[in-house]
Amino acid sequence: MLSKILEVAELNIQVAGKPLIERLSFTIYTNTLLCITGDNGVGKTTLINHLLKAAKSTQEHQSHINFNTSFEAIQVIPQFRNIDDDYPLSIQNFVTLNLIKQWRPWLTALEKEKLSKILSLVNLTAIKNRPLGEASGGEKQRAYLAQALIAHPKLLILDESTSNLDRESRINLLHLVKTIINQENIAVIFITHDPELVKLFGDVELHISNRHGVMTKLR
Ligand SMILES: Nc1ncnc2c1ncn2[C@@H]1O[C@H](COP(=O)(O)OP(=O)(O)OP(=O)(O)O)[C@@H](O)[C@H]1O
């Protein structure tokens, strides 16, 4: 059964004293890929930052934003990441960064098993010892995905994660995300400018324009 992960009701967001988003309402459920679309500058990233701030806040004043999950169960793959070509950490050590709370040079048997399962899920087992800096764009995105997934999120947020990938890699990544949504019963918010991906993979679309959001059920 689908359960509610987040409910937004009549939300207004201002930046620099000016309204950016007005009276936005939407709900996101588990096993759902919600695509957020809209022109550059309509406020997609600002909306996500606003939601995350609300999730982190322990105060009850967030009556317009109701998370049914803890802040710890939300993972974000941001739009930009500083991974240079000479970034030395191996793919598996990069993924592990989100697995253990305090650094130590070993993993327990259970942690090793988790790591191996996730690396296999994102098809990175064969190159797990390769420095992340040497990985291709698509492999890097799969490593980011693995790093997020190893924390067992209930909500995963992808901010334009496919924008630097070619068409085939974009489609492969979204195929993988869809598999994970159904396997792990999670919800995914995917900010994108790619109408083909929305059409092929989106369950619902939240389109923002002129400060307002319109929800469309896609399948
Ligand atoms: N702290 C801030 N102070 C002033 N303006 C801001 C602030 N944060 C964001 N903005 C402005 O709010 C608008 C929305 O920005 P945002 O990055 O959320 O858009 P976006 O829809 O994610 O765009 P893109 O598709 O280009 O990533 C932009 O005009 C931006 O310059």
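Select G41 and the ligand: a polar backbone atom of G41 lies 2.8 Å from an oxygen atom of the ligand, a polar contact being a pair of N or O atoms within 3.5 Å. The model is predicted, so local features need pLDDT of at least 70 and side-chain atom pairs count only at pLDDT 80 or more, while totals for chains, interfaces and linings use all residues. Residues are numbered from 1 along each chain as its sequence is written, and side-chain values use heavy atoms, with hydrogens and water left out.

Then show the side chain of K44, which places a polar atom 2.7 Å from a ligand oxygen atom. The ligand on its own has 650 Å² of accessible area, and the protein covers 56% of it (Shrake-Rupley method, 1.4 Å probe).

Now select Y87, F94 and Y144, which form one aromatic cluster. The structure holds two aromatic pairs, with ring centres within 6.5 Å. Y87 and F94 form an edge-to-face pair, 6.3 Å centre to centre with 80° between the planes; planes over 60 degrees apart count as edge-to-face, under 30 as stacked and the rest as tilted. Y87 is partly exposed at a relative accessible area of 22%, whereas F94 is buried at 3% (buried is under 20%, exposed over 50%, partly exposed in between; 1.4 Å probe, protein chains only).

Move to strands β1 (residues 4–15) and β2 (residues 18–29), which pair in the antiparallel sense over eight bridges; pairing requires at least two DSSP bridges. L6 has I28 in β2 as its bridge partner. Two residues separate the strands of this hairpin, and A16 in the turn has a positive phi of about 50°.

Finally, select β8 (residues 204–209) and β9 (residues 212–217), an antiparallel pair with six bridges. S209 stands opposite H212 in β9. This hairpin has two residues between its strands, and N210 in the turn shows a positive phi of about 45°.

How values were computed. Helix = DSSP H or I, 4+ residues; strand = E, 2+ residues; numbered from the N terminus. Polar contact = N/O pair within 3.5 Å; in protein donor to acceptor, adjacent residues only side chain to side chain. Phe/Tyr/Trp six-rings, centres within 6.5 Å; stacked < 30°, edge-to-face > 60°.
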